[in-house]
Amino acid sequence: MTQAICIHAFGGPETLQFESVDVPAPGPNEVRVRHTHIGVNYIDVYFRTGLYPPAAMPFTPGVEAAGEVVAVGDAVTGLQPGQRIAYAARPPGAYAEERIIPADRLVPLPDAIHNEQAAAMMLKGMTAHMLLAQIHAVQPGEPILIHAAAGGVGLIACQWAKQLGATVIGTVGSEEKAELAQAHGCDHPILYRREDITERVRHFTGGEGVAVVYDSVGADTLMTSMDCLAKRGLLVSFGQSSGKPPAIEVGQLAAGGSLFLTRPTLFDYIGTAADLQHSAEALFDVIERGAVTVQVGQRLPLANAAEAHRALEARETTGSTVLIA
Ligand SMILES: NC(=O)c1ccc[n+]([C@@H]2O[C@H](COP(=O)([O-])OP(=O)(O)OC[C@H]3O[C@@H](n4cnc5c(N)ncnc54)[C@H](OP(=O)(O)O)[C@@H]3O)[C@@H](O)[C@H]2O)c1
């Protein structure tokens, strides 16, 4: 038996129940892992509310964690009990002290990276790599706009983009978040509650607009994001913290200035073992060089996962939120 958060019906944070569950023996290509730290992500909210359907009910949410190998299946090579590992992977199940997971989703941790750091960054950091290096290779001097700049993905992405030489413009919900984003590479925080995002972006870019907008907010921001783009700019819609983004007609891309639009999912960028290794290595590299730091803004016991979700949805969090198993 192990302790895990279980969801029996879709709904609010109160549906996250701390319970005892069985953990089966690992299958041939599976591993049993014991978590020390678990990352909280907005995708966990999408699973909790039913926006993203789980394979079965009840289920345990969570797609990001760090800990150690407890036991390996007969066909698993390269992993041993006691080895430190981390992951960003589906199927969900990370909100647990122990779980079974496919072996090819685990990444061994270098000595320089500790478990809390890993749990706070595997999903968010590989997402930042996907956004800034794979979807579009950000260029020195290029102006870009990152929404939710003081969030989990946001703080990592701002630092990484700055390190690549970009001019980073970010939206934030408060003065405190503006200061935090600025301390993490955001050149120009925009306080969207009292400033006009499009007007400020045009101001910071000499009227041109930005080369790329990274939009994880969705409903509230997507059309504004289009208006912030330079001609031939790229709109990356990669989340919906505020709700479903509005539909965009193909013709609107032409009217906006020959724009590009993509809606990526990290799991399509780390689907093979080689892709996963490439992304994890890129992330570990920027962390080990000190080019990017991981800001853990909230730490809670696993049993208090409901409080973590409430705070995330209420926009009260900054940086990453970690549950301690
Ligand atoms: N496509 C992918 O593969 C992928 C991978 C990872 C994450 N994501 C997406 O990236 C986004 C960020 O994830 P995260 O876990 O790092 O969360 P987060 O950015 O730390 O938290 C969400 C933030 O969004 C902002 N926000 C604006 N409107 C909001 C609203 N109506 N409700 C809630 N928040 C709102 C808030 O910041 P302000 O107060 O500053 O507005 C809030 O703190 C999520 O949309 C997630 O789905 C996508």
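Q: Which helices each supply at least two residues of the shell around the ligand?
A: Helix H1 (42-49), helix H2 (115-135), helix H3 (152-163) and helix H9 (305-313) do. Helices here are DSSP runs (H or I) of at least four residues, and strands (E) of at least two, numbered from the N terminus. This is a predicted model, where local features need pLDDT of at least 70 and side-chain atom pairs pLDDT 80 or more, while totals for chains, interfaces and linings use all residues. Residues are numbered from 1 along each chain as its sequence is written, and side-chain values use heavy atoms, with hydrogens and water left out.

Q: OK, and which residues come nearest the ligand?
A: Gly-152, Lys-177, Tyr-192, Phe-238 and Leu-266, out of 27 residues around the ligand. Being near takes a heavy atom within 4 Å.

Q: What does the side chain of Lys-177 do there?
A: One of its N or O atoms is 2.7 Å from an oxygen atom of the ligand. That's a polar contact, a pair of N or O atoms within 3.5 Å.

Q: Which backbone atoms lie 2.9 Å from a ligand oxygen?
A: A polar one of Val-153, and an N or O of Ser-216.

Q: How much of the ligand does the protein bury?
A: The protein covers 93% of the 910 Å² that the ligand exposes when taken alone. Those areas are Shrake-Rupley values with a 1.4 Å probe.

Q: Switching topic, where is the cis peptide bond of Pro-58?
A: It joins Met-57 and Pro-58, with omega about -10 degrees. Pro-58 lies in the loop between H1 and strand E4 (64-72).

Q: And what about the bond from Arg-90 to Pro-91?
A: Cis, with omega near 0 degrees. Pro-91 is in the loop between strand E5 (84-88) and strand E6 (98-102).

Conventions: Polar contact = N/O pair within 3.5 Å; in protein donor to acceptor, adjacent residues only side chain to side chain.
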